[in-house]
Amino acid sequence: MVSYADQIKSVVLDIDLTLVWSTPSYRQVRNKAHQKITFKSYDKIEDLTVYVVVRPHAINLLKFLASKYRVGLWSMGKPDYITEILKILNVQIGSPRHDSDVIYVDFVYDWSHCYRDGPRVYKPLQHCPFRDDACAKQCCIIEDTPDACDPADLQIIVTPFVGNLEDVE
């Protein structure tokens, strides 16, 4: 019997509530391992500060996936925010180098790459960079919000991560 894992060639992961949790409230993270990031607001007028907690085992998962599959990250966040999160996760776009601790992915999409259908905003895999090759038909998305996925796409839905350091998913 062939498993789904044997058929998958590429994986797209959501960032917020899947790999990390961020909050503007220091009180919510003061007893947890966290990092503080500052980035420009949506209107680029003011600086925003949030505290970020990485989901347990998220970095190891990214390393494993990047060693086996083509990997992309797709978030509904703004570019400045995503840039700071990538630094925390030690992720860059590009070809892997074996002498580096950096996790290399094929692409990172932000909110501007999401699709809108009335009030619904979602991430259809048919529009990721893998769409022109065999990986497109053998791609899955790992996401915490089913509504953010195209129903036609293979999905792995995880419990939203909200900073619980006992999380084992």
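This note goes through the nonpolar cores and the aromatic contacts of a predicted model.

1. The largest nonpolar core has 29 residues, and those with the most contacts inside it are Leu 13 and Leu 73. Two or more residues of this core come from each of strand 1 (10-13), strand 3 (35-40), strand 4 (47-54), helix 2 (58-68), strand 5 (70-74), helix 3 (79-89), strand 7 (103-105) and strand 11 (139-143). Helix 3 gives the most, with 6 residues.

2. Not counting residues up to four places away in sequence, Leu 13 touches a set of residues that includes Leu 61, Leu 62, Leu 65, Leu 73, Trp 74 and Ile 142.

3. The aromatic pairs number 4. One of them joins Tyr 26 and Tyr 51 edge-to-face, at 5.4 Å centre to centre and with 65 degrees between the planes. Because Tyr 26 lies in the loop between strand 2 (20-23) and strand 3 while Tyr 51 lies in strand 4, the pair ties together parts that are 25 residues apart in sequence. Tyr 26 is partly exposed, with a relative accessible area of 40%, whereas Tyr 51 is buried at 14%.

4. Phe 39 and Tyr 81 have ring centres 5.2 Å apart and planes at 65 degrees, so this pair is edge-to-face. Since Phe 39 belongs to strand 3 and Tyr 81 to helix 3, the pair ties together parts 42 residues apart in sequence. Phe 39 is buried, with a relative accessible area of 12%, and Tyr 81 is buried at 6%.

5. Trp 74, Phe 107 and Tyr 109 are linked into a cluster by ring pairs. Elsewhere, the charged end of Arg 120 sits over the ring of Tyr 122, 4.1 Å from its centre.

Conventions:
Residues numbered from 1 in each chain as written. Predicted model: local features only at pLDDT ≥ 70, side-chain atom pairs only at ≥ 80, totals over all residues. Heavy atoms only, no water. Core = buried A, V, L, I, M, F, W, Y, C linked by side-chain atoms within 4.5 Å. Buried < 20%, exposed > 50% of the residue type's maximum accessible area, 1.4 Å probe, protein only. Helix = DSSP H or I, 4+ residues; strand = E, 2+ residues; numbered from the N terminus. Contact = heavy atoms within 4.5 Å. Phe/Tyr/Trp six-rings, centres within 6.5 Å; stacked < 30°, edge-to-face > 60°. Lys NZ or Arg CZ within 6 Å of the ring centre and 35° of its normal.
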